[in-house]
Amino acid sequence: MRAVFLDEGSFSDDINLPAPAGISDYITHNDTPQDDQIIIERCQDAQIIFTNKVKISADVIAKLPKLKLIQITATGMNNVDQDACTAHDIALYNVAGYAVKSVPEHTFMLMLNAMRAGIYYHQKVIDGTWENDGNFCLLDIPLIDLEDKTLGIVGIGTIGKRVTDIARAFGMTVLWAEHQGRTPRNDDYTAFDEVLARADVISLHCPLNEQTEHLINKDTLAKMVKKPILVNVARGGIVDSQALTEAINNGQVSGYGSDVFEQEPIITDDPLLTLKDHPRVIFSPHNAWGSRSAQETLWQMLSKQVTEFIDKQSV
């Protein structure tokens, strides 16, 4: 089968990404513009498309008659029109569970940096501020411990559960948020609004869909009475960037650590960039998933399921 990888450059250069068994014609592009005509031209004769973040629209799918499988090289599936895949009898696969170490560890990197003003203090060491101050230590921004704090987790999948384990090791109390507007399904879950009210830190791990788009908005931010730190390693669209920026500027929220943004790469007029010098704000470029181990595991999982798909086609 012929396969086209639209954005191989989303992986690290030193990660080996061999064609899965069963693919006889393998074409890779480092990146592909978000242009339907270019995508169609590159995939015209493909039976399989690999894509990480390149969006595949219904119009593209309709113009690729040979297409049999779209393989997303990630967990989130919101960049492919799923209804169009169903209508054209095209299989749509993702890969889940490959970053069960990488994402939770990155979550705590962001959390700890925000709680302890890590980027801020790093800058004060290298720009001469500490030397000029003259004291043996610099403590103008309070350091906040994780122990005895309450962590609210929104999105209780494999990642959310691993974050729970790590948080408890730090001595945190963990609250699992039920879906907004629903009664908690059992004693393991807490009502969404109650989590917002009780949490010192809120960590987002839910998918982006119609129910979660701008889940964190002006109204929900107003319910965060403890002025928490917010961490987002889920999807940028879950947070209303303008509303969050205003909440941080007025002290309603204490800080923000984020790996994801509403538009990626982040655009220069994203309001979040106005917070770049805030001592409790830290950003990373959507790479929480991408430890070397996670990338290798992802490709192994992807290759296995693609080969199994090809084998079924030949039966």
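The second largest pocket is lined by I119, Y120, Q123, K124, K276, D277, H278, P279, V281, I282 and F283. A pocket here is an open set of points on a 1 Å grid over the protein atoms alone, where a 1.4 Å probe fits, with protein on both sides within 12 Å along at least five of seven lines; lining residues have an atom within 4 Å of a point. The model is predicted: local features need pLDDT of at least 70 and side-chain atom pairs 80 or more, while totals for chains, interfaces and linings use all residues. Residues are numbered from 1 along each chain, and side-chain values use heavy atoms, without hydrogens or water.

Here are the elements we will meet, as DSSP runs (helices H or I, at least four residues; strands E, at least two) numbered from the N terminus.

| Element | Residues |
|---|---|
| α4 | 102–115 |
| α5 | 118–126 |
| β12 | 281–283 |
| α11 | 292–313 |

Both α5 and β12 supply at least two lining residues each, and α5 gives the most, with four.

Among the buried ones are H106 and L110. Just after α4, A117 takes a positive phi of about 50°.

S284, in the loop between β12 and α11, is also buried, at 7%. Beyond its neighbours within four places in sequence, S284 is in contact (heavy atoms within 4.5 Å) with residues including H106, L110 and S258.

Technical notes: Expected span 1.5 Å × (residues − 1). Buried < 20%, exposed > 50% of the residue type's maximum accessible area, 1.4 Å probe, protein only.
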